[in-house]
Amino acid sequence: MFVAPFVATPLPVARQMLILAELKPDETVYDLGAGDGRVVIMAAQEFGAKAVGVELRQDLARQALN
C-alpha cells in the first residue's frame, strides 16, 4: 500500500522542464521519486545527459528498466 498514487509527468511537461533547466550533454540529472523513469530516459535520449533515477516502489523501478 502506498500513501500517494503515482501520477506520471506528461511528456511535454518533462521536456519543457529539461529545456528550462538548459540541460547540457556533459551534465547529470538526478530524479528523486523517478516513477516510471520518463524524465531520466528523456534526459539521456534527447539531451545526451547522464541521468540517475531514484525510486522506492519496486513496480515502478522495474517499469523504468524495461
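Confidence first: this is a predicted model, and the chain averages a pLDDT of 95, with 98% of the residues scoring at least 70. What you're looking at is a chain with three helices and two strands, laid out α-β-α-β-α from the N terminus on. A whole-structure search turns up three salt bridges, and there's also a nonpolar surface patch of about 420 Å² to look at.

**Confidence by element**

- Helix H1 (residues 11-20) comes out on top among the elements, with a mean pLDDT of 98.
- At the other end sits helix H3 (residues 58-65), which has the lowest mean pLDDT of the elements, 93.

**Overall shape and packing**

- The radius of gyration is 12 Å, which agrees with the value near 11 Å that a compact globule of 66 residues would have.
- Along its principal axes, the C-alpha trace spans about 40 × 20 × 15 Å.
- Buried residues make up 26% of the 66 in the chain.
- Take the contacts between residues at least 6 apart in sequence: 51% of them join residues at least 24 apart.
- The chain exposes about 4900 Å², and carbon and sulfur atoms supply 61% of that area.

**Salt bridges**

- Glu 46 pairs up with Arg 15, their closest N and O atoms being 2.9 Å apart. This pair links distant parts of the chain, since Glu 46 belongs to helix H2 (residues 38-47) and Arg 15 to helix H1, 31 residues apart.
- Arg 38, at 24%, counts as partly exposed.
- Arg 57 forms a salt bridge with Asp 59, and their closest N and O atoms are 2.7 Å apart.

**The nonpolar patch**

- Which residues make the nonpolar surface patch? Tyr 30, Leu 32, Val 52 and Val 54 do, covering about 420 Å².
- Both strands are involved: E1 and strand E2 (50-54) each supply at least two residues of the patch.
- Tyr 30 is found in strand E1 (residues 28-32) and is exposed, with a relative accessible area of 59%.
- Leu 32 lies in strand E1 too, and it's exposed as well, with a relative accessible area of 70%.
- Those two count as exposed because the cut-off is over 50% relative accessible area, and Tyr 30 has 59% while Leu 32 has 70%.
- For a sense of spacing, the C-alpha atoms of Tyr 30 and Ala 14 are separated by 13 Å, with the two residues 16 apart along the chain.

Definitions and conventions
Residues numbered from 1 in each chain as written. Predicted model: local features only at pLDDT ≥ 70, side-chain atom pairs only at ≥ 80, totals over all residues. Heavy atoms only, no water. pLDDT = per-residue confidence, 0-100. Helix = DSSP H or I, 4+ residues; strand = E, 2+ residues; numbered from the N terminus. Salt bridge = Lys/Arg side-chain N within 4 Å of Asp/Glu carboxyl O. Buried < 20%, exposed > 50% of the residue type's maximum accessible area, 1.4 Å probe, protein only. Rg over C-alpha atoms; globule rule 2.2 N^0.38 Å. Contact = heavy atoms within 4.5 Å. Areas by Shrake-Rupley, 256 points an atom, 1.4 Å probe, with all protein chains shown as cover. Patch = residues over 30% accessible without salt bridge, like charges linked within 9 Å, V, L, I, M, F, W, Y side chains within 5 Å.
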